[in-house]
Amino acid sequence: MRKGRYSATTSEEPELLAVTKLTVDAAYAVAPVPRRLFGSFVEHMGRCVYTGIYEPGHPTADDAGLRSDVLELTRDIGPTVVRYPGGNFVSNYRWEDGVGPQDQRPTRLDLAWHSLETNQFGLHEFCDWATKVDTEVMMAVNLGTRGLQEACDLLEYTNHPGGTHWSDRRIANGATDPFGVKLWCLGNEMDGPWQVGHKTAAEYGRLANETGKAMRLIDSDIELVACGSSSSRMPTFGSWESTVLEMTYDTVDYISLHAYYEETDADPLTFLASAVNMDHFIEDVISTADAVRARGRHAKKINLSFDEWNVWYIKHFRGDGPQPTHTEWVTNPRLIEDEYSITDAVVVGTFLNSLLRHGDRVTVACQAQLVNVIGLIRSEKGGAAWKQTIAYPFEQMRRLAQGQILQVVATGDKFDSATYTDVPVVDAAATYDPEHDRAALFLANRSLDESSRLEVDLRGVAAQQVAAASSLHAGEGQNRHTTNLEVHDAIAPTAFADFQFESGTLTANLPPLSWTVFEIECRPG
Ligand code: AHR
């Protein structure tokens with residue numbers, strides 16, 4: 001290991017690049033790529049729903065008031081599952097307010113975001129939107145201000161074929177066929193003091209277990225997610241997961257994880273290394289879940305639903321945990337509309353790599369959120385919609401990560417930041433699809449100002465040639481802070497040519513602070 005060498009370069013010295021050697025071999029398969037790894041999240045928060053996905057009167061609005069421009073961008077990005085309706089919002093939400101004739105729906109106080117919720121958009125509108133973007137719905141029930149009965153009512157409404165009170169109400173409201181929602185979150189961030197109806201682990205564990213058991217009596221095919229910690233920094237982290245899983249193990253299928261990261265204290269290297277923390281968080285939750293499994297002599301394994309993750313400049317927000325910044329009760333205020341830079345896109349790439357590397361146990365993941373609110377997409381009321389920088393790594397991995405996840409064997413230069421030690425300069429993940437004879441390599445160069453020399457042994461996947469390569473990095477007149485706010489397509493991956501491929505070995509110079517993707521054609525097995 002030659003740690004920190006790349007950052008010690010001075011103009012008098014010959015240029016020393018960080019070097020990384022990778023071996024990618026079909027024999028090191030981790031697991032099939034879980035398709036639900038590429039999920040997103042639509043919360044009734046700020047302008048995610050209203051003027052985000054839904055804006056009757058917008059020039060592109062369809063008959064249902066859905067913005068076609070946002071529909072198009074969402075189809076491109078292609079989230080495979082979308083969590084709804086919250087988030088903190090769900091913990092004081094009455095789902096019944098959002099069904100039935102729109103002119104009869106009540107306006108309510110949303111305590112989570114100090115907003116007025118008009119309920120013009122609800123369950124039917126969301127399921128209609130999900131069908132139009134061809135995504136799976138992941139539904140959350142309110143275990144803050146409500147409980148077992150209301151969760152069962154909602155499930156009867158969405159999934160029961162007919163002939164009962166709630167299923168007939170759905171039919172009367174225009175949906176003859178059940179929505180068939182399979183994936184259900186039992187509440188949201190119930191460990192957080194900011195959560196409306198916050199609970200102790202034991203209070204939540206009992207409620208989640210009884211609610212889940214009753215829901216399974218209505219529909220035995222559903223999959224249930226218990227709330228884990230809302231971040232690994234929570235004082236109850238670890239003990240929360242342990243207690244909750246002790247009380248729910250036979251009932252639930254997943255435990256959730258949430259994590260947000262940001263650049264602070266003029267320390268970009270720590271920010272660029274954030275996925276190290278994500279790796280540890282995931283591994284700690286797996287260990288905790290497996291310890292409960294061993295203690296209880298359970299056969300099944302609990303998988304992980306990383307159902308909120310992203311870069312979030314929470315320092316622009318006040319309080320201990322998410323708190324609204326406005327005092328008036330208003331509809332769809334601008335909340336946490338972070339503009340994402342090239343640096344953020346590279347960091348998001350490393351998060352995707354972390355999730356993919358752990359895809360044997362992280363089998364659901366939702367980037368938070370889809371539009372405007374820390375969004376992949378930005379939209380303006382009555383105006384344009386565009387992709388943020390972070391949408392590109394997401395879209396590329398969703399499209400290209402097919403078949404099997406491969407363990408990448410890596411050696412190379414590392415660096416220390418103020419918080420993390422031995423951080424690989426190049427972060428990598430790979431997949432191999434034997435059905436289509438394709439491999440994909442996902443690479444983040446964390447070096448702020450230098451290229452990284454890369455050598456990849458691809459003989460183990462019988463690589464024939466590079467089918468395509470692209471890289472996202474600062475171009476002419478841009479720097480690491482450039483976003484897509486002013487020029488909406490300023491930052492996007494461009495064709496990448498600084499590589500050679502010979503006898504199964506790929507060599508490349510990865511640009512400074514970049515996200516680079518290779519599609520490899522392999523010899524048919
Ligand atoms: O995604 C924004 C908020 O972050 C969600 O509502 C909450 O679950 C988390 O704290």
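How far is an oxygen atom of the ligand from an N or O atom in the side chain of N188? The distance is 3.0 Å in this predicted model.

**View 1. Confidence along the chain.** The protein chain has a mean pLDDT (the predictor's confidence in each residue, from 0 to 100) of 95. Residues at 70 or more make up 95% of the chain. In residues 4-14 the pLDDT is below 50. Where pLDDT is low, predicted coordinates should not be read in detail.

**View 2. The shell around the ligand.** Around the ligand are 13 residues (a heavy atom within 4 Å). E43, N88, E189, Y260 and E308 come nearest. The shell holds 6 nonpolar, 4 polar and 3 charged residues.

**View 3. Side chains facing ligand oxygens.** An N or O atom in the E43 side chain is 2.6 Å from a ligand oxygen. For the E308 side chain, the distance is also 2.6 Å. The protein covers 98% of the 280 Å² of accessible area (Shrake-Rupley method, 1.4 Å probe) that the ligand has on its own.

**Notes.** Numbering starts from 1 along each chain as its sequence is written. Local features need pLDDT of at least 70, side-chain atom pairs count only at 80 or more, totals for chains, interfaces and linings use all residues, and side-chain values use heavy atoms, leaving out hydrogens and water.

Conventions: Contact = heavy atoms within 4.5 Å. Polar contact = N/O pair within 3.5 Å; in protein donor to acceptor, adjacent residues only side chain to side chain. Nonpolar A, V, L, I, M, F, W, Y, C, P; charged D, E, K, R; others polar.
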